[in-house]
Amino acid sequence: MISINKVDQLYGGTQILWGLDLEIVPGSITCIMGRNGVGKTTLLKAIMGLLPIQSGEITMEGETLNKQSAEKRAYSGIGYVPQGRDIFPMLTVEENLRIGLPVRGKRTKGTLNDNPKDIPDKIFELFPVLKDMLHRRGGDLSGGQQQQLAIGRALVLEPKVLILDEPNEGIQPNIVKQIGDVILKLNEEEGLTVILVEQKLGFARRVGKEFRLMEKGRIVAADKMENLNDTLIKQYLAV
Ligand SMILES: Nc1ncnc2c1ncn2[C@@H]1O[C@H](COP(=O)(O)OP(=O)(O)OP(=O)(O)O)[C@@H](O)[C@H]1O
Ligand SMILES: [Mg+2]
């Protein structure tokens, strides 16, 4: 569904992604793993259109995304939860969630059962805490609650593909568990395709169906999650 073909990316004069090839299977949960600085976030930003690529091609369902803005890619059904959450701290939870609604209205063209101008109830079923805190400022939520808000905001757009960059960084275990449950539920019940950058091995194994290991801006190993063995972990993940 998303294909990345021979993508090169540079920051200034420094090349970060090197002829990167990656195939995302529809309906899968793919964990992108690798040590700090190997280019995981850069890859996700390139998919989302937040960084230009030097060469190569990124396609979704056969259509090239290369020239599409990040906004256009959001219309096309890619949801993105950036590393470090990036919610609007001065806006309320409700205002943060509403930011995606204009895109949702345009995308769905009245095919939804509910009003596209409303935040879908589903978001509050998945993350009840957001309903309780609807009028709180984003910046006043705990780190874990902010992460749930960031995921909720991406889900308002009803993406076909959800991209998450280390959603569990610095978050307490019970919320990590909840986030994992939500990802699995959306994948199982709605067939949502998920691309997840994850450093925590336990979480990756619980949630991921496929893994891709990165080193120095390239994919160096790709397989089903059950085949992520100690040799690979030692070689590409252990610090
Ligand atoms: N805006 C930038 N300008 C220049 N170099 C950058 C920029 N952002 C990232 N880099 C460099 O690109 C490389 C890859 O960074 P990236 O953030 O993609 O790594 P990562 O795999 O996501 O790491 P982490 O696990 O720490 O999140 C690093 O060497 C980083 O220093
Ligand atoms: Mg990163």
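These numbered points go through the predicted model.

1. Ground rules. This is a predicted model, in which local features need pLDDT of at least 70, side-chain atom pairs count only at pLDDT 80 or more, and totals for chains, interfaces and linings use all residues. Residues are numbered from 1 along each chain as its sequence is written, chains are lettered from A and ligands numbered from 1 in the order in which they are written, and side-chain values use heavy atoms, with hydrogens and water left out.

2. Strand S7. Helices (H or I, at least four residues) and strands (E, at least two) are DSSP runs, numbered from the N terminus. Strand S7 covers residues 161-165, and five of its five residues are buried, so the strand is largely enclosed by the rest of the structure. Buried means under 20% relative accessible area, exposed over 50%, and partly exposed in between (1.4 Å probe, protein chains only). Both faces of S7 are covered: Val161, Ile163 and Asp165 lie on one side, Leu162 and Leu164 on the other.

3. Neighbours of S7. Two strands pair if DSSP finds at least two bridges between them. Strand S6 (residues 78-81) runs parallel to S7, joined by four bridges. There, valine 81 stands opposite leucine 164. Strand S8 (residues 193-197) also pairs with S7 in the parallel sense, over five bridges. Here valine 161 faces threonine 193.

4. The crossover. S7, helix H8 (residues 173-190) and S8 form a right-handed β-α-β unit. Right-handed means that, with the strands pointing away from the viewer, the path from the first strand over the helix to the second runs clockwise. H8 contains glutamate 188. Glutamate 188 is exposed, at 59% relative accessibility. Its C-alpha atom is 23 Å from that of proline 82, 106 residues apart along the chain.

5. The antiparallel sheet. Four strands make an open sheet in the order S2-S1-S4-S5, with antiparallel pairing. Its edge strands are S2 (14-24) and S5 (63-64), each pairing on one side only. S4 (residues 55-60) meets S5 over two bridges. Threonine 59 has threonine 64 in S5 as its bridge partner.

6. Helix H1. Seven of the nine residues of H1 are buried, so the helix is largely enclosed by the rest of the structure. Among the buried ones are Lys40, Leu43 and Met48. Glycine 49 follows H1, with a positive phi near 85 degrees.

7. Magnesium. Ligand 2, a magnesium ion, is coordinated by Thr41 (OG1) and Gln83 (OE1) at 2.0 to 2.3 Å. Threonine 41 sits in H1 (residues 40-48) and glutamine 83 in the loop between S6 and helix H3 (93-98), 42 residues apart. Threonine 41 is partly exposed at 22%, and glutamine 83 is partly exposed at 31%. Donors are N, O and S atoms within 2.8 Å of the metal (3.2 Å for Na, K and Ca); water is not among the atoms, so sites may look incomplete.

8. The largest pocket. Its volume is about 450 Å³. Of its 18 lining residues, the closest to the centre are Met48, Ala74, Tyr80, Arg153 and Leu157. Helix H2 (70-75), S6 and helix H7 (143-156) each supply at least two lining residues. On a 1 Å grid over the protein atoms alone, a pocket is an open set of points where a 1.4 Å probe fits, with protein on both sides within 12 Å along at least five of seven lines; lining residues have an atom within 4 Å of a point. Points are joined across faces, edges and corners, and the volume is the space filled by probe spheres set on them.
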